[in-house]
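Keep the structure open beside you as you read.

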Amino acid sequence: MIEVKDLHKYFGALHVLKGIDLTVQKGEVLSVIGASGSGKSTLLYCINALETIEQGEVIVDGVSVHAKSTDINKLRQNLGMVFQQWNSFPHLTATENVALAPKIVSGKSRQEAREIAVKQLEHVGLGDKLDVYPSALSGGQQQRLAIARALAMEPDYMLFDEATSALDPELVGEVLDTMRLLAEEGMTMICVTHEMGFARDVSDRVAYFHQGMMEEIGPPAQIFGEAQSEQTRKFLANVR
Amino acid sequence: MNATTSFFTGFQFSDLGFLAEAAGRTLLISVISVAAGTVMGCIFGWALQAGRWWIEITLGLVLDAFRSVPLIIQLILFFNFFPLVGLPLNPFFSGAIILSFYTSALVANVARGGIEAVGVPMRRAARSLGMTYWQDMRYVVWPIGLRAVFPSWVGVALSVVKDSALVSVLGYVELLRASQILITRTQEPFIILALAGAFYFALSYPLSQYSARLESRWKS
């Protein structure tokens with residue numbers, strides 16, 4: 001379970017997150033929507049401590065993420081993250097990209113790490129690209145490689161930060177299909193996304209962020225059908 | 001026999017051995033300086049990139065001094081400073097120390113460029129997998145950054161081989177100093193400088209060839 005309690009985040013004088021309270025249960029898929037600059041990506045970075053926080057608390061499975069005593073490197077293994085830019089390691093093949101963290105972080109043997117890598121690459125549909133370098137892969141394939149790389153640490157949670165925003169339109173589908181597959185397998189996911197179709201069809205709940213606050217959260221039927229908030233309705237009227 | 005022949009003797013085959021020996025000294029002081037300067041430069045470059053603002057300012061100032069004061073002035077000042085405080089250093093050590101610091105100042109900027117070439121998003125991706133700061137440095141930043149700035153580093157190394165000629169002002173008999181000695185004796189500057197140039201080329205060529213091959217292998 002991921003619990004976010006009264007989370008405040010500033011970039012200098014800019015108040016980016018203004019007191020977020022949020023709970024994500026095991027097995028749940030939460031989509032976070034909202035305009036650029038509404039703080040939704042920052043929320044993800046605060047959840048796995050890639051950003052510091054100024055006030056409040058993030059708790060993952062009972063462990064306070066930002067506490068000094070927390071072994072953040074250990075905690076992050078349980079929080080897979082996929083970014084807008086896929087950030088493939090350009091000097092490593094697809095298999096080596098995925099096998100690196102299991103080898104050096106989890107201390108798996110070469111053989112074990114490779115087996116994990118092959119399994120996860122097949123999982124995301126890259127079974128035929130094992131020994132290819134990222135430069136020879138399309139954006140969609142590199143993003144699926146990034147998903148496989150995160151899955152190789154066997155996380156309980158996956159955080160997606162606009163995973164399809166940087167992709168050419170014709171490549172968005174394959175990445176969304178992979179995310180959908182994970183959701184069907186029961187992965188707990190927080191997806192910051194501009195893909196309203198994905199948010200509506202795949203999520204258990206949808207949260208709408210507006211100017212650093214969570215304006216509204218509820219099942220897709222509520223958000224997309226009968227949103228309570230004027231702001232939410234206005235936003236959705238503009239994106240559709 | 002007229003009087004001049006007793007002062008000047010023509011270039012002999014054995015002088016080639018003298019030049020070769022001096023080329024060996026050029027190689028020795030260059031290899032030591034490039035190696036020590038590269039290690040220090042990587043540490044300085046990292047400190048410039050990751051350190052606090054006051055480290056960046058003070059270290060940056062010192063390194064800028066090494067880069068902008070002519071090497072020949074640094075060498076003479078340093079060589080003459082230590083005897084004043086009662087610690088005479090021989091020309092080789094003085095030269096090697098100054099050349100190493102000079103190299104480190106050049107490498108520091110290259111190294112900082114290499115670290116910055118990797119970019120924050122890539123490093124966050126590495127850290128998000130649970131890598132520690134140093135694992136990220138060792139397995140992600142180092143290999144990617146090295147490839148990005150390796151040509152610049154080769155440029156620094158080649159220039160240090162040539163700059164090592166300046167150590168001759170301290171009396172260390174490396175290639176240039178040896179050439180001057182031979183020119184004085186033989187009065188045949190053309191052939192001797194051409195030979196010295198050929199030796200410098202022979203020292204540098206393998207490095208530039210090796211680096212070209214390495215780069216093309218990384219590209220494929």
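Which residue is the bridge partner of A:Leu30 in E8(A)? The partner of A:Leu30 is A:Ile190. Please keep in mind that this is a predicted model.

**The six-stranded sheet of chain A**

That bridge belongs to the pairing of strand E3 (residues 29-34) with strand E8 (residues 188-192) of chain A, a parallel pair held over four bridges. Both strands sit in an open sheet of six strands, ordered E6-E7-E8-E3-E9-E10 (chain A), in which the pairing is mixed. Its edges are formed by strand E6 (79-82) and strand E10 (213-218) of chain A; each has a single partner strand, so one side of each lacks a neighbour in the sheet. From one strand to the next, the twist averages 15°. Helix H5 (residues 139-151) of chain A packs on this sheet, where it touches E6 and strand E7 (157-161) of chain A. The direction of H5(A) makes about 170° with that of E6(A).

Five of its five residues are buried, so E7(A) is largely enclosed by the rest of the structure. In a regular strand, side chains alternate between the two faces of the sheet. In E7(A), A:Tyr157, A:Leu159 and A:Asp161 point one way, while A:Met158 and A:Phe160 point the other way, and all are buried. E7(A) runs parallel to E6(A), to which four bridges join it, and A:Met81 stands opposite A:Leu159. E7(A) also runs parallel to E8(A), here with five bridges, and A:Tyr157 stands opposite A:Thr188 of E8(A).

**The four-stranded sheet of chain A**

Chain A also has an open sheet of four strands, in the order E2-E1-E4-E5, with antiparallel pairing. Strand E2 (14-24) and strand E5 (63-64) of chain A are at the edges with a single partner strand each, so one side of each is without a neighbour in the sheet. Strand E1 (residues 2-11) and strand E4 (residues 55-60) of chain A run antiparallel and are joined by five bridges. One pair to look for is A:Glu3 with its bridge partner A:Ile59 in E4(A).

| Strand pair | Direction | Bridges |
|---|---|---|
| E1(A) and E4(A) | antiparallel | five |
| E3(A) and E8(A) | parallel | four |
| E6(A) and E7(A) | parallel | four |
| E7(A) and E8(A) | parallel | five |

**A buried helix and some positive phi values**

A:Glu162 lies in the loop between E7 and helix H6 (169-184) of chain A, and its phi is near 45°, a positive value in a residue other than glycine. A:Glu162 counts as buried because it has 21 C-beta neighbours inside 10 Å. A:Gln211 is found in the loop between strand E9 (205-210) and E10 of chain A, with phi near 50°. With 14 other C-beta atoms within 10 Å, A:Gln211 is partly exposed.

**Helix packing in chain B**

Turning to chain B, helix H1 (residues 13-50) and helix H4 (residues 91-118) pack at an angle of about 40°, with their axes 5 Å apart. That angle makes H1(B) oblique to H4(B). Their crossing is right-handed, and the contact residues divide into 18 nonpolar, 11 polar and two charged.

Helix H2 (residues 53-68) of chain B crosses H4(B) at roughly 115°, and the axes come within 8 Å. This crossing is left-handed. From H2(B), B:Leu63, B:Phe66 and B:Arg67 meet B:Phe101, B:Tyr102, B:Ala105, B:Leu106 and B:Ala108 of H4(B). The residues of this contact divide into seven nonpolar, no polar and one charged.

**Where the chains meet**

How many residues of chain B are in contact with chain A? There are 16, and they touch 20 residues of chain A. Helix H5 (120-128) and helix H6 (133-163) of chain B are the elements that give two or more residues to this side of chain B. The residues of that side divide into nine nonpolar, four polar and three charged.

Terms used. Residues are numbered from 1 along each chain as its sequence is written. Chains are lettered from A and ligands numbered from 1 in the order in which they are written. This is a predicted model: local features need pLDDT of at least 70, side-chain atom pairs count only at pLDDT 80 or more; totals for chains, interfaces and linings use all residues. Axes are lines fitted to C-alpha atoms, for helices over the stretch in contact, and angles run from 0 to 180 degrees between N-to-C directions. Angles under 35 degrees count as roughly parallel, over 145 as roughly antiparallel, 65 to 115 as roughly perpendicular and the rest as oblique. A crossing is left-handed if the near helix is turned anticlockwise from the far one by less than a right angle, and right-handed if clockwise. Ala, Val, Leu, Ile, Met, Phe, Trp, Tyr, Cys and Pro count as nonpolar, Asp, Glu, Lys and Arg as charged, and the others, Gly among them, as polar. Two residues are in contact if their C-beta atoms, placed from the backbone, lie within 7 Å. Two strands pair if DSSP finds at least two bridges between them. A residue is buried if 20 or more other C-beta atoms lie within 10 Å of its own, exposed if 12 or fewer, and partly exposed in between; C-beta atoms are placed from the backbone.
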